[in-house]
Amino acid sequence: MAEVVIVSTPADAGRLAAESIERRLAESERPVLGVATGSTPLATYRALAERGTDLAGATAFALDEYVGLPDGHPEGYRAVLEREFCEVTGFDSANLHVPDSDPARLETAGPRYEALIREAGGVDVQILGIGTDGHIGFNEPGSSLASRTRVKTLATQTRRDNARFFDSIDDVPIHCVTQGLGTIRDAGHLILLAFGPSKANAIRSALEGPVSSSVPASLIQLHPSVTVLVDEAAAAKLEHAAYYRTAYANKPAWQRL
Ligand code: F6R
């Protein structure tokens, strides 16, 4: 099962995530980091910067990209990652891949992105946030657990949640290109982070509910190597929280996140 660590603050989660990322990338001959956008991964990017993690030889792959934003739009995920990941950690943006969401090439965007990930040797460690509707990447409820990178339609709830980055919900694109759940499952290790009360239901369903395409993040139950880092608010509805705390407090020193 996933290792669940309940922390006090997003900064604490970021530090644990960064430590795990640094160690896993150092062990890889061709280090590949899977990066996410949104608010959740920011503390991890800050922690990587604070640790001075050397990402010079690494390649990064974004989970997803909106369709329909003009090139260079500040909320396009390439621009977001350049600003919030590359600039913060010193990662070379030439080594950052984001799905090609140009409308003229959409039909082949998924297979081309899959090929790039394969050519890079696969993702060693994937950072994940979770949507209030249980999505990971932009795999909305109903997404096949075996899905690969493809065009998806965003749920209204997701567009509402992401409207804070735009002038209004009407400006949030309706389509995206996202890694599939099968793509995410292929990563060597998953680090799922969630903060705040709005994530409590999704986290409970993902960790303790049935594995179901209705809760795409429940895919993590099928993955052999997962760390879940949540704050108290996001953990508030977990039935087995006491067990997770006991397991972490008694973690053998040789075990790692
Ligand atoms: C972002 C992504 C999404 C977000 C999720 C949570 O690349 O794939 O799954 O991780 O929507 O977003 P925040 O972190 O803004 O709450």
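Reply: The answers below cover the model, its strands, its cores and its ligand.

Me: What kind of model is this, and how are residues numbered?
Reply: This is a predicted model, in which local features need pLDDT of at least 70 and side-chain atom pairs count only at pLDDT 80 or more, while totals for chains, interfaces and linings use all residues. Residues are numbered from 1 along each chain as its sequence is written, and side-chain values use heavy atoms, with hydrogens and water left out.

Me: Which strands form the open sheet, and in what order?
Reply: The order is 4-8-7, with antiparallel pairing among these 3 strands. Strands are DSSP runs of E with at least two residues, helices are runs of H or I with at least four, and both are numbered from the N terminus. Two strands pair if DSSP finds at least two bridges between them.

Me: Why is one side of strand 4 left without a neighbour in the sheet?
Reply: Strand 4 (64-66) stands at an edge with a single partner strand, as does strand 7 (150-153), so one side of each has no neighbour in the sheet.

Me: How many bridges pair strand 4 with strand 8?
Reply: There are 3 bridges between strand 4 and strand 8 (residues 175-178). Within strand 8, Val177 is the bridge partner of Glu65.

Me: Changing topic: is strand 10 buried or exposed?
Reply: In strand 10 (residues 226-231), 6 of its 6 residues are buried, where buried means under 20% relative accessible area with a 1.4 Å probe, counting protein chains only. Val226, Val228 and Val230 point one way, and Thr227, Leu229 and Asp231 point the other way.

Me: Which strands run parallel to it?
Reply: Strand 1 (residues 3-7) runs parallel to strand 10 and is joined to it by 5 bridges; Ile6 has Val230 as its bridge partner. Strand 9 also runs parallel to strand 10, with 5 bridges, and Leu192 stands opposite Val228.

Me: Which residues touch the most other members of the largest nonpolar core?
Reply: They are Val35, Phe85, Val228 and Val230, in a core of 66 residues. Such a core is a set of buried Ala, Val, Leu, Ile, Met, Phe, Trp, Tyr and Cys residues joined through side-chain atoms within 4.5 Å. Helix 1 (residues 10-27) supplies the largest share of this core, 6 residues. Apart from it lies another core of 9 residues, including Tyr66 and Phe166.

Me: What does Val35 contact?
Reply: Leaving aside neighbours within four places in sequence, the contacts of Val35 include Tyr45, Phe85 and Gln126; contact means heavy atoms within 4.5 Å.

Me: And where does Gln126 lie?
Reply: Gln126 lies in strand 6 (residues 125-128) and is buried, with a relative accessible area of 1%. The C-alpha atoms of Gln126 and Ile184 are 7.5 Å apart, although 58 residues separate them along the chain.

Me: Finally, which residues come nearest to the ligand?
Reply: Of the 14 residues around the ligand, Thr37, Thr40, Asp64, His135 and Gly137 come nearest; a residue is near a molecule if one of its heavy atoms lies within 4 Å of it.

Me: What about its oxygen atoms?
Reply: An oxygen atom of the ligand is 2.9 Å from a polar backbone atom of Ser39. For side-chain N or O atoms, the distance from a ligand oxygen atom is 2.8 Å at Arg164 and 2.7 Å at Lys199.

Technical notes:
Buried means under 20% relative accessible area, exposed over 50%, partly exposed in between (1.4 Å probe, protein chains only). A polar contact is a pair of N or O atoms within 3.5 Å; within protein, one must be able to donate a hydrogen and the other to accept it, and residues adjacent in sequence count only if both atoms are side-chain atoms.
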